[in-house]
Amino acid sequence: MMVRIFLGLAAVVALLAPSAQGQQPTRLEAIVQRGTLRVGMTGDYAPFSAFDPATSTFRGFDVDMADGLGKALSVRVEYVRTAWPQLTGDFEADRFDVAMGGISITSERESKGSFSAPIMEEGKTPIARCKDLGKFETLADIDRPGTRVIVNPGGTNERFARAHIKNAEIRVYPDNVTIFDEIARGQADLMITDASETRYQQKLHPGVLCAVHPDHPFDHAQKAYWLQRDAALKAFVDDWIKQARDDGRFARIYAVWFE
């Protein structure tokens, strides 16, 4: 039922666009006319998005969501690979219509585009070796000489660490895919990242890495989809997210990747 509803809306948008002669089409109209939704993803933030270089494909929670959005619009999804340090620059250069893959809402990003309705509420919390679980409960516990905090570059994790860590060592590690192995091997003591990621990495490293109080993070943040500024596109995506929640599809996709 939901696909039929959105296919009808997409068809209406396509029909209306030629009638507005002399006017620039809305972003939503342009997407439908082009037949392609360009989705920017880093591909290094499982379970939101992970890039497989062997097949040049993405997989993850937001990949499944993007595919659903493409079907709702009756267009093909074109994935554009980006990276956290260049995400904003690529967004401003209009390399994609929407950025997905665990994007946190920030005031800087809001100044450059629109955000969809939030898809997740969480915050920053540590992940450490399970044997060290009780050592890093608070920021004061962490911010001590001799503690080695590892961060991936260019995103909200690095900004949070630099804002709150003044005495402990901060080490920037360029590969967000293998960064947790550095903690497991004892090359770093912990990473402060989104609670959802700590839960996922805990599942991937059972008995080795443990999330530290993921239900009670240090701060509060929301994840959403970062859209090129267009009222029609935002309204469409917000309505699509609501429908996905109401009909249970959001919960089913969430369960595959997070539970």
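Predicted model: local features only at pLDDT ≥ 70, side-chain atom pairs only at ≥ 80, totals over all residues.

Trainee: How many bridges does β1 make to β5, and how many to β6?
Mentor: β1 and β5 are parallel and share six bridges. Between β1 (residues 36-41) and β6 (residues 98-99), also parallel, there are two bridges. Met 41 sits opposite Arg 81 in β5, Val 39 opposite Val 98 in β6, and Gly 40 opposite Ala 99 in β6.

Trainee: Is β1 buried or exposed?
Mentor: Six of the six residues of β1 are buried, so the strand is largely enclosed by the rest of the structure. Buried means under 20% relative accessible area, exposed over 50%, and partly exposed in between, using a 1.4 Å probe and protein chains only.

Trainee: Which residues point which way from β1?
Mentor: Thr 36, Arg 38 and Gly 40 point one way, while Leu 37, Val 39 and Met 41 point the other way. In a regular strand, side chains alternate between the two faces of the sheet.

Trainee: And what comes before it?
Mentor: Helix α2 (residues 27-34), where Arg 27, Leu 28, Glu 29, Ile 31 and Val 32 are buried. Just after α2, Gly 35 has a positive phi of about 80°.

Trainee: Switching topic: how many cavities of 30 Å³ or more are there?
Mentor: There is one, and the largest cavity has a volume of about 110 Å³. Of its 16 lining residues, Tyr 45, Trp 84, Thr 156, Asn 157 and Asp 194 are the closest to the centre. On a 1 Å grid over the protein atoms alone, a cavity is a set of points where a 1.4 Å probe fits but cannot get out, a pocket is an open set with protein on both sides within 12 Å along at least five of seven lines, and lining residues have an atom within 4 Å of a point.

Trainee: What about the largest pocket?
Mentor: The largest pocket has a volume of about 160 Å³. Helix α7 (residues 156-164) gives the most to its lining, with three residues. Among the lining residues are Lys 124, Arg 159, Phe 160 and His 220.

Trainee: Last one: where is Asp 189?
Mentor: Asp 189 lies in the loop between α8 (179-184) and β12 (190-194). Asp 189 counts as buried, at 10% relative accessibility. Its side chain has a polar contact of 3.3 Å with the side chain of Arg 129, and reaches the backbone nitrogen of Arg 148 at 2.8 Å. A polar contact is a pair of N or O atoms within 3.5 Å; within protein, one must be able to donate a hydrogen and the other to accept it, and residues adjacent in sequence count only if both atoms are side-chain atoms.

Terms used
Residues numbered from 1 in each chain as written. Heavy atoms only, no water. Points joined across faces, edges and corners; volume = space filled by probe spheres on them. Helix = DSSP H or I, 4+ residues; strand = E, 2+ residues; numbered from the N terminus. Pairing = 2+ DSSP bridges.
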